[in-house]
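Please look through the sequence and the structure shown below before reading on.

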Amino acid sequence: MGQRIHFVVDPQGWCCMGLIIFVWLYNTIFIPKVILFPHYEEGNISVVAVLCYYFCSLFCIASLFRASVADPGKLPENPKIPITEREHWELCNKCNMMRPKRSHHCSRCGHCVRRMDHHCPWINNCVGEDNHWLFLQLCFYTQILSSYTLILDFCHYYYFLPLKKENWDVFVFRHELALLRISAFMGLIIFGGISRLFYTQLMGIFTDTTSIEKMSNCCEDISRPRKPWQQTFSEVFGTHWKILWFIPFRQRQPLRVPYHFANH
């Protein structure tokens with residue numbers, strides 16, 4: 001089954017997402033042109049470093065677009081509730097619709113989302129049950145790409161040998177210092193912000209708690225038995241194969257496997 005397209009009409013979200021795309025385009029265009037390709041031509045770096053940078057950039061933008069247009073778990077207007085699961089559903093006091101427990105109503109999107117974590121303006125979408133794994137991949141590859149960019153900026157001035165051939169007639173090389181300073185500044189800002197967000201997301205998965213539940217001090221997590229981290233991550237990513245947790249070019253299938261474990 002293909003993943004449904006979910007599009008949120010929000011000018012603020014469009015601006016935030018446009019800023020992220022601008023930063024991605026900036027580093028994807030100027031870093032290879034100023035650092036990777038010239039140093040590769042002179043033998044200072046290998047082709048593996050160039051390919052790794054483009055792979056990180058590709059996975060980053062793929063997870064961004066997929067997380068922004070993926071259905072986070074929007075509930076239909078007339079959901080069919082199985083008889084065996086009626087006790088696990090409740091009534092939403094905002095849209096007056098039945099929804100599964102641990103769902104939340106997003107005031108910006110105007111509907112309830114299954115296991116909603118939060119609404120992220122940077123992807124112009126909610127982060128819910130069906131696209132949480134894409135949001136985690138976005139945080140992961142954004143961290144890798146920004147740290148990779150910072151390392152290249154540092155090595156270009158303090159580690160690599162000076163370039164022998166430089167085309168000073170090109171705008172890029174005439175403004176090399178300013179371009180790389182802007183790149184380093186954006187890399188530091190994004191790496192710092194994403195690192196904190198990624199850490200909170202990982203802790204939420206380890207404890208099987210969403211960000212909304214943490215803010216509301218939900219007492220259900222006290223009585224809810226603690227799951228093994230393998231189960232919580234497998235449920236988020238929709239597969240037990242850990243290698244597939246890092247691939248954004250696939251379809252997620254809901255994973256519901258019974259686990260028998262002791263509550264320690």
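Accessible areas come from the Shrake-Rupley method with a 1.4 Å probe, and for residues only the protein chains shown count as cover. The chain exposes about 15,400 Å², of which carbon and sulfur atoms supply 66%. This is a predicted model, in which local features need pLDDT of at least 70 and side-chain atom pairs count only at pLDDT 80 or more, while totals for chains, interfaces and linings use all residues. Residues are numbered from 1 along each chain as its sequence is written, and side-chain values use heavy atoms, with hydrogens and water left out.

**Overall fold**
- The chain has eight helices and six strands, taken as DSSP runs (helices H or I, at least four residues; strands E, at least two) and numbered from the N terminus.
- Buried residues, those under 20% relative accessible area, make up 45% of the 264 residues.

**Around Leu145**
- Leu145 lies in helix α3, which covers residues 132–158, and is buried because its relative accessible area is 8%.
- Not counting residues up to four places away in sequence, Leu145 touches Trp24, Tyr53, Cys56, Ser57 and Cys60, where a contact means heavy atoms within 4.5 Å.
- Leu145 and Phe55 are 90 residues apart in sequence, and their C-alpha atoms are 9.4 Å apart in space.

**Cysteines**
- A search of the whole structure finds zero disulfides, a disulfide being a pair of cysteine sulfur atoms within 2.5 Å.
- Cys16 is in no disulfide, and the nearest cysteine sulfur, that of Cys15, is 6.9 Å away.
- The sulfur of Cys109 is 3.4 Å from the closest cysteine sulfur, in Cys126, which is too far for a bond.

Technical notes:
Buried means under 20% relative accessible area, exposed over 50%, partly exposed in between (1.4 Å probe, protein chains only).
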